[in-house]
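Here are a few notes to read alongside the coordinates.

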Amino acid sequence: MILDKNQLSSFAISAEYNQRSVISQYRTFYAGKNCSVFLSHKHDDIQQLQHVTTILKSLDAYVYVDWLDKSLPQSPNEVTASKIKEAIKKYDKFILVATDGAIASKWCNWELGYGDAQKYNANKIVLFPIAQTGLKWTGYEYMKLYPTIEYWDGVIYSYIIHGYPSKGFHVVYHYGTEKIIPLGEWLNLSLIH
């Protein structure tokens with residue numbers, strides 16, 4: 001299921017206080033290696049960004065957030081764009097924190113387009129959709145090309161997918177396949193190639 005802001009908050013709190021919980025059980029798949037993630041986001045969505053970062057860090061991922069990068073200019077310009085391109089190429093994975101604000105942001109859409117060119121064919125790009133509380137998440141039509149990070153309770157929708165996904169965060173493929181893999185496993189897939 002796609003989470004809303006309140007649900008995301010509760011899962012992030014759970015991840016923060018229980019680093020070895022169900023969500024982190026898959027990180028041992030390739031123990032000792034850390035995946036790096038470029039996290040595309042709308043700067044106004046700081047709370048959601050913090051929650052997503054907490055979940056990713058509970059899986060031992062290293063997270064890059066642009067406004068923490070001291071090498072970027074204070075006001076965005078062409079240097080910012082150039083350094084963002086370098087960072088997207090450098091980090092193993094690309095995740096867009098797909099809030100309504102991010103979907104409407106020209107920078108997030110530009111980053112998604114560049115991330116697509118760098119990461120799509122290598123299966124290294126996903127969306128982390130976050131719905132407004134009480135509403136359904138909808139993205140632009142082209143966003144349906146990308147897998148999404150969703151929380152599975154171990155029961156809902158499992159009859160559709162072959163096998164039964166365990167409880168926790170998973171990467172769900174919608175376009176052309178019905179595949180689902182644990183988020184921790186997806187994060188670490190790039191480390192074996």
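This is a predicted model: local features need pLDDT of at least 70, side-chain atom pairs count only at pLDDT 80 or more; totals for chains, interfaces and linings use all residues.

1. Strand 7 and strand 8 (residues 179-182) run antiparallel and are joined by 4 bridges. Within that pairing, V171 faces I181 of strand 8.

2. The other partner listed for strand 7 is strand 6 (residues 148-152): the two are antiparallel, with 5 bridges between them. Here T148 stands opposite V172 of strand 7. How much of strand 7 is buried? Of the 6 residues in strand 7 (residues 168-173), 6 are buried, so the strand is mostly covered.

3. After the helix comes D60, with a positive phi near 65 degrees.

4. As background, an α-helix has 3.6 residues a turn, so residues three or four places apart point the same way.

5. Which residues have the most contacts inside the largest nonpolar core? They are L56 and L183, in a core of 29 residues. Two or more residues each come from helix 1 (5-17), strand 2 (36-40), helix 2, strand 4, strand 5, strand 6, strand 7 and helix 6 (183-189). Helix 2 gives the most, with 4 residues. In soluble globular proteins, nonpolar side chains tend to be buried together.

6. Next, the aromatic side chains. The count comes to 10 aromatic pairs. One of them is Y62 with Y91, a stacked pair with 6.0 Å from centre to centre and 20 degrees between the planes. This pair links distant parts of the chain, 29 residues apart: Y62 belongs to strand 3 (residues 62-64), while Y91 sits in the loop between helix 3 (78-90) and strand 4 (93-98). Y62 has 47% relative accessibility and so counts as partly exposed, whereas Y91, at 9%, is buried.

7. A pair with another geometry is Y120 with Y146. Their ring centres are 5.8 Å apart and their planes stand at 85 degrees, so the pair is edge-to-face. It too bridges distant parts of the chain, 26 residues apart, with Y120 in the loop between helix 5 (106-119) and strand 5 (125-131) and Y146 in the loop between strand 5 and strand 6. Y120 is partly exposed because its relative accessibility is 32%; Y146 is buried, with a relative accessible area of 5%.

8. Back to Y62 and Y91 for a moment: together with F38, Y64 and F94, they form one aromatic cluster.

9. Two lysines lie over aromatic faces. K93 is over the face of W186, 3.9 Å from the ring centre. K179 lies over the face of Y173, at 4.6 Å from the ring centre.

10. Finally, the cysteines. How many disulfides does the structure hold? The number is 0. Are C35 and C108 buried or exposed? C35 counts as buried because its relative accessibility is 2%, and C108 counts as buried at 1%.

How values were computed: Residues are numbered from 1 along each chain as its sequence is written. Side-chain values use heavy atoms; hydrogens and water are left out. A disulfide is a pair of cysteine sulfur atoms within 2.5 Å. Buried means under 20% relative accessible area, exposed over 50%, partly exposed in between (1.4 Å probe, protein chains only). Two strands pair if DSSP finds at least two bridges between them. Rings of Phe, Tyr and Trp (its six-membered ring) pair if their centres lie within 6.5 Å; planes under 30 degrees apart count as stacked, over 60 as edge-to-face and the rest as tilted. A charge sits over a ring if NZ of Lys or CZ of Arg is within 6 Å of the ring centre and within 35 degrees of the ring normal. A nonpolar core is a set of buried Ala, Val, Leu, Ile, Met, Phe, Trp, Tyr and Cys residues joined through side-chain atoms within 4.5 Å.
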